[in-house]
Amino acid sequence: RLSKDKVGVIGVPSCKGQSAGGVQHGPKALRQAGIIDKLTQLGVEVYDYGDLVFEQFDDDTPILGLKNPKNIGLAAKKISDQVSRVIKDDQIALTLGGDHSLSIGTIHGHAAAEKNMCLVWVDAHADINTPLTSPSGNVHGMALSFLVKELKEYIPQIPHFEWIKPCISAKDIAYIGLRDLDPGELWIVRNMGISCFTMHEVDRYGIDMVLRMSMQAINPHGDRPIHLSFDVDSLDPRISAATGTPVPGGLSVREGIYIAEELAATGKLTAVDLVEVNPLLGTKEERDLTVYAATEIARACFGKKREGNIPPGYVLPRPDT
Ligand SMILES: N[C@@H](CSCCS(N)(=O)=O)C(=O)O
Ligand SMILES: [Mn+2]
Ligand SMILES: [Mn+2]
Ligand SMILES: [Mn+2]
C-alpha cells in the first residue's frame, strides 16, 4: 500500500555545531535531488515549510569550550517550536540538516508534542559528550547531553541553553551504528543504561536482530511515537563520504534502508532527522552518492519498499474481450 502519511518538511541549514563549511547547504542539496517529489510520488501528503532562517550573531564567544552557544541555543528554540507545531498538526516532522546540533531542537519539540516518544539514534557517533567531556567543543557531538534527564547534574549552565528542558530518559534511547565514541560518552552509555548497538553488534547479530532488540528495549508494546535521528555518517564512507566526520566500517545502504523500512512499518514514526550531508566535501561522485543514499533512506521512512508499491485502487488490466 502507498503511504497515507502527512509529512511536514523543515529545512535546517545549521552549521555552527561543527567546523566544516558546507553542511548548511545540506537541505538545498537534498531538495535539488528531488526529495520532495520522491516523497509525493509515494502518495505522501507533503507540506514543505521551506528552510528556517537563523539570525547570525557574530558576538558569540565559546563558553567552557562550547562553540557558538548563542547561535545554536537560539536556533534550537526555533527548531523546537517548528517541529512541535508540525507534529501537533498531525504531520510527521522530517527535518533536513544541517549539522546534528539541530536535534536538540527536533527532539525537544517532538517531546513537547508527544511526551511518550522514544528515540533511535543512527550514527557513527554517540553525540552525547557534555560540555565538560567534549574533546572539540563542537555541539553536534553534544546534542543528546542537554536532553537526557539522567545527565542534568553533569551539565553546566550555558547561556541561551536555559530554555532546554531535559525531555528523554536514557532507557528510551537506542543507538545503532556507533563506532567512534569518546571516553566520557562510553562512560555515560554504559552507566546510564542506554541501549547501544555498535557496528560490533550489527556484525554479531545482523541488522534485523539489532532492530528487534532496539524496539524490545525502547518500544516493547509498539505504542510509543518514534523519533529517528539519522546521521548520514552512520553509513559507510564508501556510500556516504560527503559528511564532516566520516568513519570507516559503517552501515551499508541496505542496512540503512532496512532500519527505515522497519520503523516505517511500525506506523509510529513521528519525527525524522536527516543530518550531516555536506555537499562541499568529497568529489562530485561522492556528493551525489551521499545525497542519493540519504534520499533513499527518506523514501524508505515514508513507505517506499524494495518489493515495490501498489497504487491505491490498482486493478490488473485484462485484454479487451
Ligand atoms: N565525538 C567527537 C565527534 S562528534 C561527531 C558529531 S556527528 N553529528 O556525529 O557528526 C566530538 O564530540 O567532537
Ligand atoms: Mn556522526
Ligand atoms: Mn551525529
Ligand atoms: Mn558528522
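**Cysteines**

I started with C196, which counts as partly exposed at 21% relative accessibility. My scale is relative accessible area with a 1.4 Å probe on protein chains only: buried is under 20%, exposed is over 50%, and partly exposed is in between.

A note on the source: this is a predicted model, where local features need pLDDT of at least 70, side-chain atom pairs count only at pLDDT 80 or more, and totals for chains, interfaces and linings use all residues. Residues are numbered from 1 along each chain as its sequence is written, chains are lettered from A and ligands numbered from 1 in the order in which they are written, and side-chain values use heavy atoms, with hydrogens and water left out.

How many disulfides does a search of the whole structure find? The search gives zero. I counted a disulfide as a pair of cysteine sulfur atoms within 2.5 Å. For C196, the closest cysteine sulfur belongs to C118 and is 16 Å away, which is too far for a bond. I then checked C301, which is in no disulfide either: its nearest cysteine sulfur, again in C118, is 14 Å away. C301 counts as buried, at 3% relative accessibility.

**Manganese ion (ligand 3)**

I listed the protein donors next. For the manganese ion (ligand 3) they are H100 (ND1), D123 (OD), D127 (OD) and D231 (OD), at 2.1 to 2.2 Å. Donors here are N, O and S atoms within 2.8 Å of the metal (3.2 Å for Na, K and Ca); water is not among the atoms, so sites may look incomplete. Along the chain, the donors of this ion (ligand 3) are spaced H-x22-D-x3-D-x103-D.

I checked the geometry. The six donor atoms around ligand 3 subtend angles of 61 to 176°, so the arrangement is irregular. The test calls four donors tetrahedral if all angles lie between 85 and 135 degrees; four are square planar and six octahedral if opposite donors are over 155 degrees apart and all others between 65 and 115; anything else is irregular.

Where do H100 and D127 lie? H100 is in the loop between strand 3 (92-97) and helix 4 (103-113), and D127 is in the loop between strand 4 (118-122) and strand 5 (173-178), so the pair ties together parts 27 residues apart in sequence. Helices (H or I, at least four residues) and strands (E, at least two) are DSSP runs, numbered from the N terminus. Both H100 and D127 are buried.

**Manganese ion (ligand 2)**

The manganese ion (ligand 2) is coordinated by D123 (OD), H125 (ND1), D231 (OD), D233 (OD) and D233 (OD), at 2.1 to 2.7 Å. The donor residues of ligand 2 follow the spacing D-x1-H-x105-D-x1-D. The six donor atoms around ligand 2 subtend angles of 59 to 165°, which again gives an irregular arrangement.

I traced an open sheet of eight strands in the order 2-1-3-8-7-4-5-6, with parallel pairing. Strand 2 (45-51) and strand 6 (195-198) stand at the edges with a single partner strand each, so one side of each has no neighbour in the sheet. The twist averages 15° from one strand to the next.

Helix 7 (residues 207-218) packs on this sheet, touching strands 4, 5, 6 and 7 (226-231), and its direction makes about 160° with that of strand 5. Contact means heavy atoms within 4.5 Å. Axes are lines fitted to C-alpha atoms, for helices over the stretch in contact, and angles run from 0 to 180 degrees between N-to-C directions.

I looked at the pairings. Two strands pair if DSSP finds at least two bridges between them. Strand 1 (residues 6-12) and strand 2 are parallel over five bridges, and G11 has D51 as its bridge partner in strand 2. Six bridges join strand 1 to strand 3, also parallel; there, I10 partners T95. Strand 3 and strand 8 (residues 269-275) pair in the parallel sense over four bridges, with L96 opposite L274.

Is strand 3 enclosed or open? Six of its six residues are buried, so strand 3 is largely enclosed by the rest of the structure. I92, L94 and L96 are on one side, and A93, T95 and G97 on the other.

**S195**

My last entry is S195, which sits in strand 6. S195 is buried, at 17% relative accessible area. Leaving out residues up to four places away in sequence, S195 touches I173, A174, Y175 and A217.
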